[in-house]
Amino acid sequence: MTRRSLGVALLACGFIAQAADKVVGGPYTVNVGPRSATVAWVVQTSEARLGTDPGELSRTAPVLRVQKVSFTGLEAGTTHHYDSFGEGGKGYFKTPPAGAVPFQFLVYGDTRSRHDVHARVIRAMVKAGEPDFVIHTGDLVADGSDTAQWPVFFSIERELLRKTAFFPCLGNHERNNPQYYEFFDVQLPYYSFDWANAHIVVLNTDLGNVAGSLVSRDAYWKEELRWLDEDLAKSRKADFVFVVFHHPPFTAVRRRQGEDKEVSQVVPVMEKFKISAVFSGHDHNYQHHLKGGVRYIVTGGGGAPLYPVDAPLAGITQKVESTEHYVGIQVNGKTAKVQAFALDGRVIDTIDLAARAEAR
Ligand SMILES: [Fe+2]
C-alpha cells in the first residue's frame, strides 16, 4: 500500500467511525465547584448484538463512550453557558457562591423503572423552576452494568440535566459498576461540597457491592465513617448541613424495617453534628421522620414501583405518602424550607429549618 492509499484508507475508516457516532446522553454538568466544572456527554460509537443462534442476534447493546471537558478558572456564584458538541449540545449551570446567598436545590431518586413515570417526574421538576443543582439519591437505572439502560436514563433526564449541576449518589441498582464512575466523573463514591452557607455530604451505603468479603466490606465502611466524621468536624461553621445516602436508616415500609444494620451507625453521627436533614431513597415513596433533632427524608418517588407506607414508626414518623414526587430545598440565610411536591404541584409536606448555630 502506498502512503497515499494508506491515507485514503485511514480517512475512510475515520469517516465510518464518525458516521456511526451519535450522542445518546447529555450534555450534563458534574463536579461543579466555585472555580471548576466538568461538562460531559455520552456518545454511542456502535452497537453490539447477541443471540443464541448466529443467524438471529436479536438482542442489541450500544457501545458507549463518555466525553468530558473540564473547565477551570470559573467565577463563583455565576451562571456559565456552554456549547459542548454542536447542535443539541448547549446548556448551562451555576457555580456555588460564597457567603449566605439564597439558593435552591432539588432531590429525587429511584428513577430506575417505569420510564413514563420517570419522565413525568422530570417534567414536573423542570416546570418547577431553575434549581441551582439537583441531587439524585440513587438507583438511577435498574442495572448499572447494562449498557443499554443508560441512554434511556439520559434521554429522560435531558431537559433537566442541561440546565443545572448534577450530584449523584450510588444506589444498589448501579451495582457499583464502572459506568457510573465514568459517566459522572466520580473518583470516590462518597464526597462532599459546599454551596453558599451549606455543606452537602453524599455517602455510599451500597456496601453489598463494594467488596467481595465481609472483612473488606467492614473495612470500607469503617474508613467511610472515619472520613464522614472528619469531614463534618471541618464543616462546623456551615449554617446547614445536608447528608445524602441511598439506604434510609428509618422506614415506614414494614418489610424493609431493620434491614440495614450498618446504616443505623450513621444516626449518632447525624445527631452529634446536628445535621439539618438527611435524604435517602431505596423505598419508593415519601417519608419524613424526626429523631434526635434530625430530619430524615426518604425521597424514592422518581419512577420505580411504589411501596406502601404500612408501618409508620411511633414517635418518629412525621409524614408518609406512597406517591411519585420530588423534594425542593430553599436556603435563605439563616432559614431553610424543605418541601415535597407531588407531580401535579400539590405540596405533600413542608419542613422549616433553622440554621444550626448551636452546632458550632
Ligand atoms: Fe435501592
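**Notebook: loops, helices and a sheet**

I began with Asp139, which sits in the loop between strand S7 (133-136) and helix H3 (149-161). The model is a predicted one. Phi of Asp139 is near 60 degrees, a positive value in a residue other than glycine. Most residues other than glycine have a negative phi, so I kept this on my list. I then checked burial. Asp139 has 27 other C-beta atoms within 10 Å and is buried.

I stayed in that loop for Asp146, which also lies between S7 and H3. Is Asp146 buried or partly exposed? I found 14 other C-beta atoms within 10 Å of Asp146, so it is partly exposed. I also looked at Asp146 against Asn177. The two are 31 residues apart in sequence, and their C-alpha atoms are 9.2 Å apart in space.

Next I turned to Ala196, in the loop between S9 and S10. Its phi is positive too, near 55 degrees. With 22 other C-beta atoms within 10 Å, Ala196 is buried.

I checked peptide bonds as well. Gly26 and Pro27 are joined by a cis bond, with omega about 10 degrees. Pro27 belongs to strand S1 (residues 22-30).

**Helix H2**

I took the length first. H2 covers residues 115-127, and its 13 residues should span 18 Å at 1.5 Å a residue. The end C-alpha atoms are 18 Å apart, which agrees. Which residues of H2 are buried? I noted His118, Val121, Ile122 and Met125. Seen down the axis, the buried residues of H2 fall within an arc of 95 degrees, so they line one face of the helix. An α-helix has 3.6 residues a turn, so residues three or four places apart point the same way. Asp116 and Lys127 are exposed on the other side of H2. I looked up the cover over the buried residues: it includes strand S6 (103-108), H3 and strand S16 (325-332). Just after H2, I found Gly129 with a positive phi of about 135 degrees.

**Helix H5**

I repeated the check on H5, residues 214-233. Its 20 residues should span 28 Å, and the end C-alpha atoms are 28 Å apart, in agreement. Trp221, Glu224, Leu228 and Leu232 are buried in H5. They cover an arc of only 60 degrees around the axis, which puts them on the same side of H5. On the other side I found exposed residues, including Lys222, Glu223, Arg226 and Glu230. What covers the buried residues of H5? I listed strand S10 (198-202), strand S11 (240-244) and helix H6 (267-272) among the elements that do.

**Sheet and core**

I traced an open sheet of seven strands with mixed pairing, in the order S9-S10-S11-S12-S14-S13-S15. Strand S9 (191-195) and strand S15 (317-321) stand at the edges. Each has a single partner strand, so one side of each is left without a neighbour in the sheet. From one strand to the next, the twist averages 15 degrees.

Inside the sheet I looked at S11 and strand S12 (residues 277-280). They run parallel and are joined by three bridges. Val243 has Val278 as its bridge partner in S12.

Val243 came up again in the core. The largest nonpolar core has 80 residues, and Val243 and Val327 are those with the most contacts inside it. Which residues does Val327 touch? Leaving out residues up to four places away in sequence, I noted Leu106, Val107, Tyr108, Phe279, Ile297, Thr299, Val338, Gln339 and Ala340.

Key:
Residues are numbered from 1 along each chain as its sequence is written. This is a predicted model: local features need pLDDT of at least 70, side-chain atom pairs count only at pLDDT 80 or more; totals for chains, interfaces and linings use all residues. Helices (H or I, at least four residues) and strands (E, at least two) are DSSP runs, numbered from the N terminus. The expected span of a helix is 1.5 Å times one less than its number of residues. A residue is buried if 20 or more other C-beta atoms lie within 10 Å of its own, exposed if 12 or fewer, and partly exposed in between; C-beta atoms are placed from the backbone. The arc is that of the directions from the helix axis to the C-beta atoms. Two residues are in contact if their C-beta atoms, placed from the backbone, lie within 7 Å. A nonpolar core is a set of buried Ala, Val, Leu, Ile, Met, Phe, Trp, Tyr and Cys residues joined through C-beta atoms within 7 Å. Two strands pair if DSSP finds at least two bridges between them. Axes are lines fitted to C-alpha atoms, for helices over the stretch in contact, and angles run from 0 to 180 degrees between N-to-C directions.
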